[in-house]
Amino acid sequence: MRTRLMLAALIALSTTGCVSQGTFDAKALEAENLTKGLNDEKGAREAAEAKVKELTEKIAAQEEEKKALETRLTTSESRLTAGAAERRALQDQNAQLAALNEELARNSKKLAQAKEELEKKSSEYENLAQSLKSEIADGKIELSELKGRMTVQLKDKILFASGSARVGKEGGDALKKIADALKTVQGKIIRVEGHTDDVPTGGGQFPTNWELSLARAMAVVRALQDAGVDPTTLSAAGYGQYQPIAVNDSPENRSLNRRIEIVLAPK
């Protein structure tokens, strides 16, 4: 604005002719300097505006970078949180697994002890197994023991003739061996159980299998007593055909069901 005024004044002076050449030249130089200053100021302003624009763009880029960094930081923190939670979960699982392993080890030890206890045979069992080893080897007698309960199972044919309740010679010899092992039994009851197959007796002395099974059990009780077994420990029971160990559908299975069982159990 000042430059424009100076130029207007110079023009006015030149037209009036009242100004000396020196004054005119001075004013012209001043106007030129002002014009140069104006141009310099304009250039500086444009440079400043360019710098401001550059700084604005740089700040905007930095803001974008900041947002990106904040996003990455948030993601990393989330991952760290998830990782920490997963690590804690794994630690809990490891602790549970260790506890389960300890419990399994204890249970395995208990199971081994229980199995050993179940498999441990009594002195009566060992004595009978030794006395009857030939009969056991021939399959005429089976011997078992579980949880302190011993069972001597005899096939009916080793003791009795068909349809009879009289103990034969072979059966008597076997019962004497059994009696020798039972004479010293303490704290046990000795129950003789008679069992038959499902074939009817046909009447006569034994109307049904009930009578036949009980008569055979009683005959074994008397034989054991006669051989020296304490009668206060003896008892007899007849189960007839009603507790089979095999289905009565073949001669072999019926033979399995016709049996005498001598059971030793705690009082």
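A polar contact is taken here as a pair of N or O atoms within 3.5 Å, where, within protein, one atom must be able to donate a hydrogen and the other to accept it, and where residues adjacent in sequence count only if both atoms are side-chain atoms. The structure is a predicted model, in which local features need pLDDT of at least 70 and side-chain atom pairs count only at pLDDT 80 or more, while totals for chains, interfaces and linings use all residues. Residues are numbered from 1 along each chain as its sequence is written, and side-chain values use heavy atoms, with hydrogens and water left out.

The chain contains eight helices and five strands, these being DSSP runs numbered from the N terminus (helices H or I, at least four residues; strands E, at least two). Read from the N terminus, the order of elements is α-α-α-α-β-β-α-α-β-α-β-α-β. Of the 267 residues, 26% are buried, where buried means under 20% relative accessible area, exposed over 50%, and partly exposed in between (1.4 Å probe, protein chains only).

Strand β3 is mostly covered, with six of its eight residues buried. Strands count as paired if DSSP finds at least two bridges between them; β3 pairs with β4 (residues 234-238) in the parallel sense over five bridges, and Glu193 has Ala237 of β4 as its bridge partner. With β5, β3 runs antiparallel and is joined by eight bridges, Ile189 being partnered by Ala265. Together, β3, α7 and β4 form a right-handed β-α-β unit, a crossover being right-handed if, with the strands pointing away from the viewer, the path from the first strand over the helix to the second runs clockwise.

The loop between β3 (188-195) and α7 (209-226) holds Asp197, which counts as buried because its relative accessibility is 6%. A polar atom of the Asp197 side chain lies 3.0 Å from the backbone nitrogen of Val199. When residues up to four places away in sequence are not counted, Asp197 is in contact (heavy atoms within 4.5 Å) with Asn209, Gln241, Asn248, Arg254, Asn257 and Arg258.

In soluble globular proteins, nonpolar side chains tend to be buried together. A nonpolar core is defined as a set of buried Ala, Val, Leu, Ile, Met, Phe, Trp, Tyr and Cys residues joined through side-chain atoms within 4.5 Å. The largest such core has 31 residues, of which Leu128, Leu154, Ile178, Leu182, Val220, Leu224 and Ile262 touch the most other members. Elements giving two or more residues to this core include α3 (123-131), β1 (141-146), β2 (149-155), β3, α7 and β5 (259-266), and α6 gives the most, with six residues. Not counting residues up to four places away in sequence, Leu182 touches Leu128, Ile190, Val229, Ile262 and Leu264.

Lys157, in helix α5, counts as exposed because its relative accessibility is 65%. The C-alpha atoms of Lys157 and Gly168, eleven residues apart along the chain, are separated by 9.1 Å.
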